[in-house]
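Trainee: I would like to learn how to read a structure of this kind. Please take me through it one feature at a time.

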Amino acid sequence: MSEPLLRVEGLVVEYPGGRRRPGLRANDDVSIEIAPGETLGLVGESGSGKSTLGDAILGFAPVTAGRIWFKGEDIVQADPKRRRQLTRLIQPIFQNPFGSLNPARTIGATLREGPLAHGLVSPGEADQKVAQWLDIVGLPPATARRYPRDFSGGQRQRVAIARALIMEPELVICDEAVSALDLSIQAQVLNLLSDLKRRVGLSYLFISHDMAVVEHMSDRVVVLHQGRVVEQGPVDEVVNHPSQPYTRSLLSAVPLPDPIAQRARRAARKETP
Amino acid sequence: MTALGRFLRQPLALAAATVVVLIVAACLLADLIAPYDPLKQDLMAANQLPSAAHWLGADSLGRDILSRLLYGGRVTLSGSVLAVSVFTVLGLPLGLIAGYRRGAVDRVLGRVVEVIFATPVIIILLVVLSVFSANLTAAMITLGVLGFGSLFRVVRASTLAAAGELYVKAARAAGLSGPAVLRRHILPNLWGQVIVQVALFAASAILTESGLAFLGFSVKPPNPSWGSMIGEASNVLSSHPFQLLPPGFVIGLVVLALGLVGDGVRDVATSRGGSGPAPSVAQTAAPALQSTTASAQSGIGGQPLDLPDDPTAWADDAAEEVEVWLTVRDLTVEFGPAGRGVTVLKGASFEVRAGEVLGIVGESGSGKTVTARALIDLLPPGGRIMDGSIDYRGDQVRDMSPAQLNRLRGGQIGYVPQEPMTTLDPVFTIGSQLDEVVRRHDRGSRAARRARALELLELVQLRDPASVLSRYPHELSGGMAQRVGLALALAGRPQLLIADEPTTALDVTVQQQVLDLLDELRARLGMAVLLVTHDWGVLADLADRALVMYAGQIVEVGPTTAVYAAAAHPYTRALIAANPATAQAGRPLPSIPGQVVPPGSWPVGCHFADRCAEAMPACLAGPVALGRIGSGRASRCLRSERTPALVGLEAEPVEGPAGPSRNGTGPARAAAEGSK
């Protein structure tokens, strides 16, 4: 395999405790790799540390130990200025499309500020760039002049995707990027993400609690449990032949949409307590 | 509308702001408008009451009170402005820094502010005035320094909250520098609160100046200030009490007006629509409402004339054997102000049969939660039932008195909310909250009630129920909290349990346990369950029959297995296909284009037509009825009515309430046939 785009090595993230509560070790010796053009799925239950891992890569979580290499550069050790430059290459898409857009700013203002901060475009070219990306994510050009409150969850999530990709990043961290969306809208957004990956040549770290979504999107998958990596491998292998009991229980807990298959599964579970 | 526009629409605040502006302007223009020199004595006019020559009278040295007020205001107001400037210059930036950087900076500044708060203001001011020989400027700067803590705390707290917003995180992830994030994303959220604090502090600065002047620490005697005028007037209080009125009234008026301006700004700031996370009630209850009120108001004049559902449509062939517990007919629910309300649920008719699990499945905005909550009169604020009947075992729910409704809810009909954690009161133990509900149903001794509470917790399979009784809600995990929610719902031994997205907030492994529990309880207690969900997996796991909703209407009804195996409505089919669990790897998901039509903009014809791949002109022409497509199955689609099951049925005469609706779709169906 060629040089990975991102390599996380023995990452430990510990949130300091207070006077009477102990600190929380959210990531414990986590090691993962993402190749260029690859989508790595990250699954786990709430509290498994999957969002913390995303935050650590974005520079939002306190790294206690371990290294994060991005294109051969140790970004944990990078000084704040370099870290800010790196934000262009590593972009997030967050879960909550209602909270992730500033209600007081127009969509255009929100989309413009990243490229301007990094000098990707001159102020004169910014509007054109914004229009171009709005078109790519399937929103009309007039969107730029309007406020987030005028848009539905699915449309806002398209704006959030445009905000991330307008920076021309190489790695996009999708932290539950479609979890808040309805099924019919979720499919549109997932297709958009897959389509953009093909067109632009991106890598995704796809964080989700939804096994079916991760299975659909990912090349490889990592299973986190209580801050540790339980299992990782190609998605087909992990889904069809999980080697760890935790992965098995996680997979079998997802109810199937087919009532006959689901009832058979429930019956089987009851027989083997 | 802009914030300024909303402020100007509040009459009281607008009037108060006008008063402040007029008084300030008058003082500034004193040179032009004051009738006399404020220092000019005219002993002939001494202690005069108001007259044509002296509108507000004259003081004991015959100086014109109106002129002295205008000139004196300059001293008082400029002192107040100075104090406010110092207050803002210190409080705003330091509060921003402390709230944004946190850590050591925040702790140090916090301690400094605490020390300042503990300082007796008036004593420090007197010391400063004695050192600087009654210099009002020094006193007002000191006042600003001693007072900035209140602004600091408000700004810090708001910054702390705003810094936690996802959009601030996103801005930082976009590589914006700290100052840019503060200026563009945090500061705009703070203006309202800053203006409130400034207005209040300006008022208190005016009062402080007056107090100091009264004590003789302000301007040198012949020169006026509002406070010194009060001091002078109080010397002749017993003989000429009127002289106290003009300065006292002006000070009172300005202080009151500043307070009202602050109130007005606060109202505007707190009512700001999108500021902060979206309101949760709106999200759960009427999801598309807030985003669409504009279109709703400007939208189509009247609601489209939808046809009432024909209850015979989904009857089983062997219908007479089925015992029905709950019968809902033509249920219509509206949100918003009376007369201008928006219909969010239109003419829903269905039954819940004895001991069955009926699953209502749909996306946000479909009306599924509204349907469930309307059944037991638990609609969120602003929602009301406009039409329809709800019959629970022979009793009309809509005719019940509040007391009867209370007995029904939590008695025969239990309700399990989506997020039990938020419905449990954090300050009471589980035991006392459970006891409160048990007491409503079982009169008995303490011990008996406790035994019942323990029994309920055992019923929902909580381990170590005795210890759960003594715990507080925050000591429970999400799964345990949902089990407690179930126990609360079961306390009245309900026959029908309404479960509104009972597992949506839970992890899959915990969801599985709760679903297992629901399944077991249903079998054991012989309950019927109305299960509201957006998840086809949850539906498939529990529901005997499925009721698919889209944009405020029921679009398909049928046994879950049949609906999944051969969905009749294009929306149902598309929704099942869009599920990543059933998708083919490596292929794009079959997605539904566009988005749900929001309430208020529903078309006259089929609500799904604009997203439907199979739509034809007839679909847009008029309302589509829920039509029978087989035993126990119905679909609201012109195309599915042409399924073979219907061909046989069409030969039968369908009468009664169904008559007009059939006629209504007659031409439409003819058109459908014609377009084949």
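**Reading the model**

Mentor: Of the 676 residues in chain B, 48% are buried. A residue is buried if 20 or more other C-beta atoms, placed from the backbone, lie within 10 Å of its own, exposed if 12 or fewer, and partly exposed in between. This is a predicted model, in which local features need pLDDT of at least 70 and side-chain atom pairs count only at pLDDT 80 or more, while totals for chains, interfaces and linings use all residues. Residues are numbered from 1 along each chain as its sequence is written, and chains are lettered from A and ligands numbered from 1 in the order in which they are written.

Trainee: How many helices and strands does chain B have?

Mentor: Helices (H or I, at least four residues) and strands (E, at least two) are DSSP runs, numbered from the N terminus. Chain B has 27 helices and twelve strands.

Trainee: Which residues touch the most other members of the largest nonpolar core?

Mentor: In soluble globular proteins, nonpolar side chains tend to be buried together. A nonpolar core is a set of buried Ala, Val, Leu, Ile, Met, Phe, Trp, Tyr and Cys residues joined through C-beta atoms within 7 Å. Here the largest one holds 256 residues, and Cys174(A), Leu205(A), Val261(B), Ala487(B) and Leu496(B) touch the most other members. Helix 4 (residues 65-101) of chain B gives this core its largest share, 17 residues.

Trainee: What is Leu496(B) in contact with, beyond its neighbours within four places in sequence?

Mentor: Two residues are in contact if their C-beta atoms, placed from the backbone, lie within 7 Å. For Leu496(B), the partners include Trp325(B), Val352(B), Ile413(B) and Met527(B).

Trainee: What is the strand order in the open sheet of chain A?

Mentor: Two strands pair if DSSP finds at least two bridges between them. The four strands of this sheet follow the order 2-1-4-5, with antiparallel pairing. Strand 2 (24-34) and strand 5 (73-74) of chain A are the edge strands, each pairing on one side only. Six bridges join strand 1 (residues 6-15) of chain A to strand 4 (residues 63-70) of chain A; Val8(A), for one, has Ile68(A) as its bridge partner in strand 4.

Trainee: Where do the two chains meet, and which helix of chain B gives the most?

Mentor: In all, 52 residues of chain B are in contact with 55 residues of chain A. Helix 8 of chain B gives the most to its side, with six residues.
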